[in-house]
Amino acid sequence: MYKSLHLHIEGTLEPELAFALAERNGVTLPYASRDELRRAYSFTDLQSFLNLYYALMAVLRTEDDFHDLADAYLARARAQGVRHAEIFFDPQAHTARGVPLVTVINGLARALDAAPERHGITTRLIMCFLRDESAESALATFEAARPHLDRIAAVGLDSAEVGHPPSKFREVYELAREAGLKCVAHAGEEGPPAYVWEALDILGVDRIDHGVRSMEDERLVARLAAEQVPLTVCPLSNVRLRVIDDLADHPLPAMLDAGLLVTVNSDDPAYFGGYADDNFTAVRDALHLDDATLRTLARNSFRAAFLDEATREKYLKELDAHQG
Ligand SMILES: Nc1ncnc2[nH]cnc12
Ligand SMILES: [Zn+2]
């Protein structure tokens, strides 16, 4: 039984669906076949992945496309034991291509609204700002989303990290908090520990996405442990984007030993070789995690989720019963 707290919906676009949507919308992809596309999934760093991630979004045009993308993800997530998913989306990557924000939100919301009954999954939607776009663009995006904020639980920050520190987005995070939204940010994936400090001190985030490079800064580790700031770590993503060389060298055990509130997540599962359970299985095997550690990781994701306390308690009881 899992919670998924770091999942980009656009990163769940499997080659099969990409080709189906391309055909539906008359979009020509620069790949002859699904296999040829899959062969392009060989990344040297975050930017090399983002280039393909944004290019393939060309097939997402209508409300039905966003609905079908999210519905396909929810079916896969449930098959992997996910019960609650907090889902990122990148509005600017769509509005920049002429797809209206309302099309994106309505399509995703239609799939998410049906998810408890259709898939047995509860969800939250997290609207991310692209950090390699301007602060003004983030502000304009937030203002455009104001009529839809009842659909949105939190704001986030993603895309190319290095050179785009969290402090650039102070103002839009202030507005989001004033509007009652939770706040998260990718930090310490490729960027330095200083970006994690900024996300905490300047953006006031409730969770850090990735945060693996925090381990380079002892004072930061102590702070994250003392405040029990959740970190949404994505092990298979870290290997595919060469943040770490080998899963066997992943800092996850050291992070747990340091008392950090670590969760395991899939990031962009269509591109990085696996969904929730695939990530758990991979770290269990590569890092020789025992059952108690796996239980801690599962509990952590329930603690870190944006749930009301009654629902959290209900899920924790279910988890205890499930794990015996
Ligand atoms: N791993 C990642 N880091 C930053 N931005 C992203 N957008 C989608 N996946 C991402
Ligand atoms: Zn991510």
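Predicted model: local features only at pLDDT ≥ 70, side-chain atom pairs only at ≥ 80, totals over all residues.
Ala, Val, Leu, Ile, Met, Phe, Trp, Tyr, Cys and Pro are counted here as nonpolar, Asp, Glu, Lys and Arg as charged, and the others, Gly among them, as polar. On that scheme the lining of the second largest pocket holds six nonpolar, two polar and four charged residues.

**Pockets and cavities**

| Space | Volume | Lining residues by class |
|---|---|---|
| Largest pocket | about 250 Å³ | five nonpolar, three polar, four charged |
| Second largest pocket | about 210 Å³ | six nonpolar, two polar, four charged |
| Largest cavity | about 100 Å³ | six nonpolar, four polar, five charged |
| Second largest cavity | about 30 Å³ | five nonpolar, two polar, no charged |

The lining of the largest pocket consists of Met1, Tyr2, Asp277, Phe280, Thr281, Arg284, Asp291, Leu294, Arg295, Ala298, His322 and Gln323. Two or more of these residues come from each of the helices α14 (276-287), α15 (291-304) and α16 (309-323).

Around the second largest pocket stand Ala109, Leu112, Asp113, Pro116, Thr122, Thr123, Arg124, Leu125, Asp150, Arg151, Ile152 and Ala153. Here the elements that supply two or more lining residues are α6 (101-119) and β3 (122-130). Ala109, one of the lining residues, belongs to helix α6. Its relative accessible area is 3%, so Ala109 is buried. Between the C-alpha atoms of Ala109 and Thr95 there are 17 Å, for a separation of 14 residues along the chain.

Two cavities reach 30 Å³ or more. The largest cavity is lined by 15 residues, and the closest to its centre are His8, Leu46, Leu50, His186 and Asp268. Helix α3 (residues 46-56) contributes the most to this lining, with five residues.

**Zinc site**

Which atoms coordinate the zinc ion (ligand 2)? The donors are NE2 of His6, NE2 of His8, NE2 of His186 and OD of Asp267, at 2.1 to 2.2 Å. Angles among the four donor atoms run from 83 to 173°, and the site is irregular.

Along the chain the donors are spaced as H-x1-H-x177-H-x80-D. His6 is in strand β1 (residues 2-8) and Asp267 is in the loop between β8 (261-264) and α13 (269-272), so this pair ties together parts 261 residues apart in sequence. His6 and Asp267 are both buried. His8 also lies in strand β1, and it counts as buried because its relative accessibility is 4%, under the 20% cut-off.

**Record annotations**

An unreviewed UniProt entry lists His6, His8, His186 and Asp267 under "binding site". These residues are spread over 262 residues of sequence, yet they cluster in space, with a largest C-alpha distance of 11.8 Å. Among them, His8, His186 and Asp267 are also part of the lining of the largest cavity.

The unreviewed entry in UniProt also carries the annotation "domain: Adenosine deaminase", which covers residues 4-321. Over residues 4-321 the chain is 51% helix and 14% strand, with the end C-alpha atoms 20 Å apart.

Technical notes: Residues numbered from 1 in each chain as written. Chains lettered and ligands numbered in written order. Heavy atoms only, no water. 1 Å grid on protein atoms, 1.4 Å probe; cavity = no way out; pocket = protein on both sides within 12 Å on 5 of 7 lines; lining within 4 Å. Points joined across faces, edges and corners; volume = space filled by probe spheres on them. Helix = DSSP H or I, 4+ residues; strand = E, 2+ residues; numbered from the N terminus. Donors = N, O, S within 2.8 Å, 3.2 Å for Na, K, Ca; no water. Tetrahedral: all angles 85-135°; square planar, octahedral: opposite > 155°, others 65-115°. Buried < 20%, exposed > 50% of the residue type's maximum accessible area, 1.4 Å probe, protein only. UniProt positions renumbered as here; feature names shortened; annotations may be inferred.
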